[in-house]
Amino acid sequence: MKIFTIFTIFPSWLLVTLLASLFFIFYTFLHINLKSKNNPSIYNLPPNPPNLPIIGNFHQLLGKPRHQALWQLSKQYGPVLQFQMGSKPFLIISSPIMAKQILKTQDHIFCSRPFSKATQRITYNYSDIAFSPQSHHRREMRKILVSDLLGPKRSRVFNNVLVTEIETMVRELALRLRPPNVAVNLNELFIATVKEVVCKVAFGGDYRRQPVNGPSWEVVVDEAQEMLGGSVGDFFPWAGRVIDRVSGWSRRMERCFTNLDAYIETVIDDHRKDQRVEDDDDDKDFVHVLLELSSEDNDSGYRLTKEDIKALIMNVLTGGVDTTVVTLVWAMSEIVRNVRVMKKLQTEIRNHTGRRKQKLDISDITEMTYLKMVVKETFRIHPPAPLLIPHECMSHCQVGGYDVFPGTSALINAWGIGRDPSVWGENAGEFYPERFEKFEVDFEMVPFGGGRRSCPAMNSAPVTIEFVIANLLYGFDWEVPNGVKNEDLNMEDEGTLILRKKVPLCLVPTKYKWKD
Ligand code: HEM
């Protein structure tokens with residue numbers, strides 16, 4: 001029978017209803033079948049909140065941020081629970097002991113990442129470090145990032161750039177003191193400073209202001225991050241893909257990739273034209289090194305393709321800037337809101353340094369123990385990635401005595417674990433840096449994840465944050481504007497992959513007057 005005759009016999013609404021019913025029956029059948037496959041009499045499955053056909057447990061995430069909804073469910077079902085989002089199984093981890101199971105004891109099993117449409121496209125078909133499944137290629141790429149950008153080899157350049165950029169930031173702040181009592185938007189200030197540091201250390205130039213055909217790179221990176229959060233098609237393979245197309249998500253994703261790619265192309269082209277590669281090693285930036293590793297003459301190490309280089313640059317852009325900026329904003333918010341902490345921290349910084357300086361050096365902060373505790377406390381209460389990046393299970397194993405199957409993605413609730421009173425005591429919700437005088441941290445806070453997929457910047461990123469905060473509190477006092485008391489500062493958050501402060505942080509600085 002030809003298609004047009006079907007349409008003449010059945011009206012289109014009837015056909016749609018019929019197809020939808022068939023689809024529903026098929027999905028329900030699949031759902032029941034999968035359940036019986038993981039027969040509880042053979043396997044000990046983790047507790048699973050009641051789920052619905054097709055959508056699974058999605059409805060339990062409605063009306064609340066994901067990390068909060070999952071934290072509440074863990075109170076009811078325990079620290080290991082199974083959670084179905086559409087066709088994808090997840091394991092929700094909500095205690096330090098279980099986090100250690102995933103990130104250390106069984107790290108070799110949980111060190112892969114799940115597939116998603118956006119990650120595949122934006123990472124040049126999984127050529128990157130952060131979102132690719134576990135592989136030899138990924139390990140080699142990670143080694144390159146650690147040795148040639150984040151490791152001791154580049155620390156001199158990194159420290160010099162950091163000191164120079166913070167000096168510029170402090171000078172900029174000093175200019176904003178006239179007229180007095182005007183609030184400064186610290187989100188803007190931090191974004192400008194951190195981007196400058198990352199671009200100069202990694203790309204050797206001021207790409208923040210470099211014009212490219214298309215939107216600014218702030219917009220490009222923000223959009224890429226939103227896309228990396230996932231789409232309907234990731235959870236509902238057939239219908240979801242149609243929805244992605246109809247809703248315009250696929251088009252937006254393609255446009256986002258094209259813009260990001262154009263930006264990265266510019267960076268690479270500029271470096272190709274640059275002759276410094278031939279010269280002194282000290283003059284080379286990270287991209288020069290990557291280009292060397294891609295050349296035919298490279299017989300010293302792993303040979304990179306152009307796609308690999310682009311994927312590495314993409315990881316630095318999307319992973320390195322926002323996380324640092326978000327943490328700086330939370331740190332300053334907590335410090336200003338807790339005046340006792342602010343005063344104690346200023347005393348430490350000013351006593352240690354004295355009045356001799358306009359700005360601090362990196363060596364000045366190494367012995368500031370309270371500063372380190374303040375930054376640690378910020379990471380505990382405000383881990384920028386509240387559920388880390390999913391860790392995918394590669395083979396059948398047991399977690400907390402429960403069977404877990406390959407293809408299950410573990411989500412570690414870093415946000416919940418960091419605020420759990422059963423771990424941190426009655427004052428878990430309070431910003432109290434002194435707790436680290438006694439507390440030895442193992443897996444009770446995991447802002448940088450752990451194991452083979454831990455953040456490779458976990459040692460260098462806190463230094464940047466400590467250094468910026470030390471400089472802001474050394475020369476300035478801070479207040480919330482418009483007569484609002486410091487302790488009443490708005491602390492609402494928003495976001496999925498990265499949890500940021502909802503309202504930008506605007507504070508009034510005054511220059512600190514040294515007593516004679
Ligand atoms: C405050 C700063 C930062 C925080 C809180 C942070 C946090 C994280 C987290 C939670 C993960 C996932 C870990 C896991 O899944 O177990 C991660 C991975 C990663 N981060 Fe960071 N990050 C920061 C800064 C940076 C910087 C500055 C860079 C690079 C320049 C960077 C590059 C990466 C990369 C490449 C990965 C993927 C690692 C892998 O999968 O092997 N991050 N980061």
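This is a predicted model: local features need pLDDT of at least 70, side-chain atom pairs count only at pLDDT 80 or more; totals for chains, interfaces and linings use all residues.

Reader: Which residue in β7 is the bridge partner of Glu392?

Author: Residues are numbered from 1 along each chain as its sequence is written. Strands are DSSP runs of E with at least two residues, helices are runs of H or I with at least four, and both are numbered from the N terminus. The bridge partner of Glu392 is Ser409. Two strands pair if DSSP finds at least two bridges between them; β4 and β7 (residues 409-412) have two bridges and pair in the antiparallel sense.

Reader: What is the order of the strands in the open sheet?

Author: The order is β1-β2-β7-β4, with mixed pairing. β1 (80-85) and β4 (391-392) are at the edges with a single partner strand each, so one side of each has no neighbour in the sheet.

Reader: How does one describe two packed helices?

Author: One gives the angle between their axes and the distance between the axes. Axes are lines fitted to C-alpha atoms, for helices over the stretch in contact, and angles run from 0 to 180 degrees between N-to-C directions. Here the axes of α17 (residues 369-381) and α20 (residues 460-475) come within 10 Å and cross at roughly 115 degrees.

Reader: Which residues of α17 make the contact with α20?

Author: Residues are in contact if their C-beta atoms, placed from the backbone, lie within 7 Å. Leu371, Lys372 and Val375 of α17 meet Pro462, Ile465, Glu466, Ile469 and Ala470 of α20.

Conventions:
Two residues are in contact if their C-beta atoms, placed from the backbone, lie within 7 Å.
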